Structure formats: structure tokens, C-alpha cells
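Subject: Handover of a structure, with notes on what was found

Dear colleague,

Please find below the structure I promised to pass on to you. My notes follow it, with each cut-off stated where its term comes up.

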Amino acid sequence: MIDLTDLKRRIVHGTQRRIVNPVGRQLPITMLETIGRKSGQPRHTAVGGRVIDNQFWMVSEHGDRSHYVLNIKANPAVRVRVNGKWRTGVAHLLPDDDAVARLKELPTVNSAVVRAMGSDLLTIRVDLD
């Protein structure tokens, strides 16, 4: 039997990896930079979120299955590009936070996409330096 949640996650992940992230690197959209847990190299991922009180808040669509979440687990030191400027910080995974409620505080279009495409929502807070 086909696991539809896993199929959805694989389709979304492939689209993001092959289309969204390469385009996002070229545009002034919000990006998250993590350090690859295997390669040790910087990894850039297009994300949606918002700075609130010197913290960047976002919701991962696929929770612990997102590569950038696995990278954060290995090394929580990250950078976030917001409005064309890179800011350093420390990421915190918040599995007890209500990710659906959190999305209501974040950019509307991105939040709608995360709700529609997500399979295992996870809130992430980056405490910015």
C-alpha cells in the first residue's frame, strides 16, 4: 500500500530541491543557511517566516524529515537572509509549539503553502544575534 503522506513529502521535497531553492538563491527572498551535517558545507533553503522581537519564526513543512532540520539538530548555528541582509543566530526546534496557530502569525501566502504541502509541521525559532 502507498503511504500518501510519504509520497506527498517526497514530491514536495523534490520540487523544492530542484526548483524552489535554486531560484530562491538568485532572488532576494528569505533564506536559511545551515551547515550540512555530512558535508560541513553551507546549505541554503528558501523559507518563509517573520522576525518578531529579534527572533526569526518559521514552520517546517516536514518536521524532522527536512534536511535543514536535521542540519539544525547537528549544528544549531544558522544564518537567515531577511530583506537582503544576512543575520546570524541559533535555531531552536519547538515540537510542543502549535505550528498551525503559529502560521497565523507568519506571512499569509507562505503559511497557506506550508499548510497545504506540509506533512509534519514543526515550529522553529531562531534567536538572532
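Is Arg102 buried or exposed? With a relative accessible area of 14%, Arg102 is buried, where buried means under 20% relative accessible area, exposed means over 50% and partly exposed lies in between (1.4 Å probe, protein chains only).

Before I go further, please note that this is a predicted model, in which local features need pLDDT of at least 70 and side-chain atom pairs count only at pLDDT 80 or more, while totals for chains, interfaces and linings use all residues. Residues are numbered from 1 along each chain as its sequence is written, and side-chain values use heavy atoms, with hydrogens and water left out.

Arg102 and its surroundings

Arg102 sits in helix H3, residues 99-103; helices (H or I, at least four residues) and strands (E, at least two) are DSSP runs, numbered from the N terminus. If neighbours within four places in sequence are set aside, Arg102 is in contact with Trp57, Val59, Asp97 and Thr123, contact meaning heavy atoms within 4.5 Å. Arg102 also forms a salt bridge with Asp97, with 2.8 Å between the closest N and O atoms; the term stands for a side-chain nitrogen of Lys or Arg within 4 Å of a carboxyl oxygen of Asp or Glu. Asp97 is itself partly exposed, with a relative accessible area of 24%, and a network of salt bridges links Asp97, Arg102 and Glu105.

Leu103 lies in helix H3 too, and at 2% relative accessibility this residue counts as buried. Not counting residues up to four places away in sequence, Leu103 touches Val59, Ser111, Val114, Arg115 and Leu121. The C-alpha atoms of Leu103 and Gly48 are separated by 9.9 Å, although the two residues are 55 apart along the chain.

Other salt bridges

By the rule above, the count comes to five salt bridges. One of them joins the side chains of Arg79 and Glu33 at 2.8 Å, N to O; Arg79 lies in strand E5 (residues 77-82) and Glu33 in strand E1 (residues 31-35), so the pair ties together parts that are 46 residues apart in sequence. Arg79 is partly exposed, at a relative accessible area of 28%, whereas Glu33 is buried, at 11%. A further salt bridge is found between the side chains of Arg125 and Asp127, again given as 2.8 Å, N to O, with Arg125 buried at a relative accessible area of 19% and Asp127 partly exposed at 23%.

Strand pairing

E1 and E5 run antiparallel and are joined by three bridges, two strands being taken as paired if DSSP finds at least two bridges between them; across this pairing, Leu32 stands opposite Val80 in E5. E5 also pairs in the antiparallel sense with strand E6 (residues 85-94), over six bridges, and in E6 the bridge partner of Arg79 is Thr88. E5 and E6 form a hairpin with two residues between them, where Asn83 in the turn has a positive phi of about 55 degrees.

A second hairpin to look at is formed by E3 and E4, with two residues between them and with Asp53 in the turn at a positive phi of about 50 degrees. Strand E3 (residues 49-52) and E4 pair in the antiparallel sense over four bridges, and Arg50 stands opposite Trp57 in E4. E4 is also joined to E7 by six bridges, the two strands running antiparallel, and the bridge partner of Trp57 in E7 is Arg125. Five of the six residues of E4 are buried, so this strand is largely enclosed by the rest of the structure.

Nonpolar cores

A nonpolar core is here a set of buried Ala, Val, Leu, Ile, Met, Phe, Trp, Tyr and Cys residues joined through side-chain atoms within 4.5 Å. The largest has 15 residues, of which Leu32, Phe56, Met58, Tyr68, Ile72, Ile124 and Val126 touch the most other members. Two or more residues of this core come from each of strand E4 (55-60), helix H2 (67-74), E5 and strand E7 (122-128), and E7 gives the most, with four residues. A second, separate core of seven residues includes Trp57, Leu94, Leu103 and Leu106.

With best regards
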